[in-house]
Amino acid sequence: RSAVTFQCVMTKVDKLKGDALIASMNKTREALAKHPAAYPELILTSSEKGDGIETLRAIIAGID
């Protein structure tokens, strides 16, 4: 409601496989589409495998 921008970070993406991950991402995108202040890009991470961590760090480092 206050239109503060935000970006969604999906964690533990290594726990979902194939269609389950795609379904979860689609559901999340649908929910985010209702919020004009949301960044449309999803950040997918897995701390166990290290996936997406560097991308997340770079995005955080670029925040003013």
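Aspartate 14 counts as buried, because its relative accessibility is 11%. Buried here means under 20% relative accessible area, exposed means over 50%, and partly exposed is in between, with a 1.4 Å probe and protein chains only. The model is predicted: local features need pLDDT of at least 70, side-chain atom pairs count only at pLDDT 80 or more, and totals for chains, interfaces and linings use all residues. Residues are numbered from 1 along each chain as its sequence is written, and side-chain values use heavy atoms, with hydrogens and water left out.

**Around aspartate 14**

Aspartate 14 sits in the loop between β1 (9-10) and α1 (19-32). Helices (H or I, at least four residues) and strands (E, at least two) are DSSP runs, numbered from the N terminus. Setting aside residues up to four places away in sequence, aspartate 14 touches Ser46, Glu48 and Lys49. Contact means heavy atoms within 4.5 Å. With serine 46, the link is a side-chain polar contact of 2.9 Å. A polar contact is a pair of N or O atoms within 3.5 Å; within protein, one must be able to donate a hydrogen and the other to accept it, and residues adjacent in sequence count only if both atoms are side-chain atoms.

**Salt bridges**

The whole structure holds 3 salt bridges. The criterion is a side-chain nitrogen of Lys or Arg within 4 Å of a carboxyl oxygen of Asp or Glu. They are listed below.

| Lysine 15 | Aspartate 14 | 3.9 Å |

Take lysine 15 and glutamate 48. Lysine 15 is exposed, with a relative accessible area of 53%. Glutamate 48 is also exposed, at 60% relative accessibility.

The pair of arginine 57 and glutamate 54 lies within helix α2. These two residues are 3 apart, about one turn of the helix. Glutamate 54 counts as exposed at 55%.

**Nonpolar core**

The largest nonpolar core has 8 residues: Cys8, Met10, Val13, Leu21, Met25, Leu32, Ala38 and Leu42. Helix α1 supplies the largest share of this core, 3 residues. Such a core is a set of buried Ala, Val, Leu, Ile, Met, Phe, Trp, Tyr and Cys residues joined through side-chain atoms within 4.5 Å. Leucine 21 belongs to this core. Apart from neighbours within four places in sequence, leucine 21 is in contact with Val13 and Leu16.

**Two further residues**

Lysine 12 is found in the loop between β1 and α1. Its phi is near 55°, a positive value in a residue other than glycine. Is lysine 12 buried or exposed? Lysine 12 counts as exposed because its relative accessibility is 57%.

Threonine 55 lies in helix α2. At 42% relative accessibility, threonine 55 counts as partly exposed. The C-alpha atoms of threonine 55 and glutamate 30 are separated by 23 Å, and the two residues are 25 apart along the chain.

**The whole chain**

The secondary structure comes to 2 helices and 2 strands. Along the sequence they follow the pattern β-α-β-α. The C-alpha trace spans about 35 × 25 × 15 Å along its principal axes. The protein has 64 residues, and 22% of them count as buried. Among contacts between residues at least 6 apart in sequence, 60% join residues at least 24 apart. The protein exposes about 5000 Å², and carbon and sulfur atoms supply 56% of that area. Accessible areas come from the Shrake-Rupley method with a 1.4 Å probe; for residues, only the protein chains shown count as cover.
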